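Thanks for making time this morning.

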Amino acid sequence: MLYTDPIHETHVSEPGLLVVDVAAADDATALAFQQLLADRWATATAEQTTRDAGQPGVRLRCYLDLRQQLTAAAGPWSRPRPGPDS
């Protein structure tokens, strides 16, 4: 059976709480994705990825609380666009 660490009831005890399992080709990709989540929501991040023997890539688990939004919107699309007079 692949990557089946149990999810504890505490981690999903209320609406808005999530457990996110990430599979990626490499550490940098998995950690970059986790950072995107952490930039937007309250996130308990993983310090490192894990590798499953005989399986490709790396895995990472983090915990999110969507009830505690950190920013109104993350990313370059959230910046105000210049007006016609700019």
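Let me start with Arg 59, which counts as buried because its relative accessibility is 17%, where buried means under 20% relative accessible area, exposed over 50%, and partly exposed in between, with a 1.4 Å probe and protein chains only. Arg 59 sits in strand S3, residues 58-69, and its side chain makes a polar contact with the side chain of Asp 52 at 3.2 Å. By polar contact I mean a pair of N or O atoms within 3.5 Å, where within protein one must be able to donate a hydrogen and the other to accept it, and residues adjacent in sequence count only if both atoms are side-chain atoms.

Before going further, a word on what we are looking at: this is a predicted model, in which local features need pLDDT of at least 70 and side-chain atom pairs count only at pLDDT 80 or more, while totals for chains, interfaces and linings use all residues. Residues are numbered from 1 along each chain as its sequence is written, and side-chain values use heavy atoms, with hydrogens and water left out.

Now the overall layout. The chain has 1 helix and 3 strands, and read along the sequence these follow the pattern β-α-β-β; helices (H or I, at least four residues) and strands (E, at least two) are DSSP runs, numbered from the N terminus. Of the 86 residues in the chain, 24% are buried. If we take contacts, meaning heavy atoms within 4.5 Å, between residues at least 6 apart in sequence, then 62% of them join residues at least 24 apart. The accessible surface comes to about 6300 Å², with 55% of it belonging to carbon and sulfur atoms, and these areas come from the Shrake-Rupley method with a 1.4 Å probe, where for residues only the protein chains shown count as cover.

Which residues make up the largest nonpolar core? There are 10 in all, namely Val 20, Val 22, Ala 24, Ala 30, Leu 37, Ala 46, Val 58, Leu 60, Cys 62 and Leu 64, and the term denotes a set of buried Ala, Val, Leu, Ile, Met, Phe, Trp, Tyr and Cys residues joined through side-chain atoms within 4.5 Å. Strand S1 (17-24), H1 and S3 each supply at least two residues of this core, and S3 gives the most, with 4 residues. As background, nonpolar side chains tend to be buried together in soluble globular proteins.

Leaving aside neighbours within four places in sequence, Val 58 is in contact with residues including Val 22, Ala 24, Ala 30 and Thr 49. Gln 34, in helix H1, is buried, since its relative accessibility is 4%, and, not counting residues up to four places away in sequence, Gln 34 touches Thr 45, Ala 46, Leu 60 and Cys 62.

Next, the charged pairs. How many salt bridges does a search of the whole structure find? The search finds 4, a salt bridge being a side-chain nitrogen of Lys or Arg within 4 Å of a carboxyl oxygen of Asp or Glu. One of them joins Arg 67 and Glu 14, with the closest N and O atoms 2.5 Å apart; this pair links distant parts of the chain, Arg 67 being in strand S3 and Glu 14 in the segment before S1, 53 residues apart. Arg 67 is partly exposed at 45% relative accessibility, as is Glu 14 at 42%. Arg 67 also meets Asp 65 in a salt bridge, at 2.8 Å from N to O, and Asp 65 is buried at 9%.

Finally, consider Pro 56, in the loop between strand S2 (41-44) and S3. Is Pro 56 buried or exposed? Pro 56 counts as exposed because its relative accessibility is 69%.
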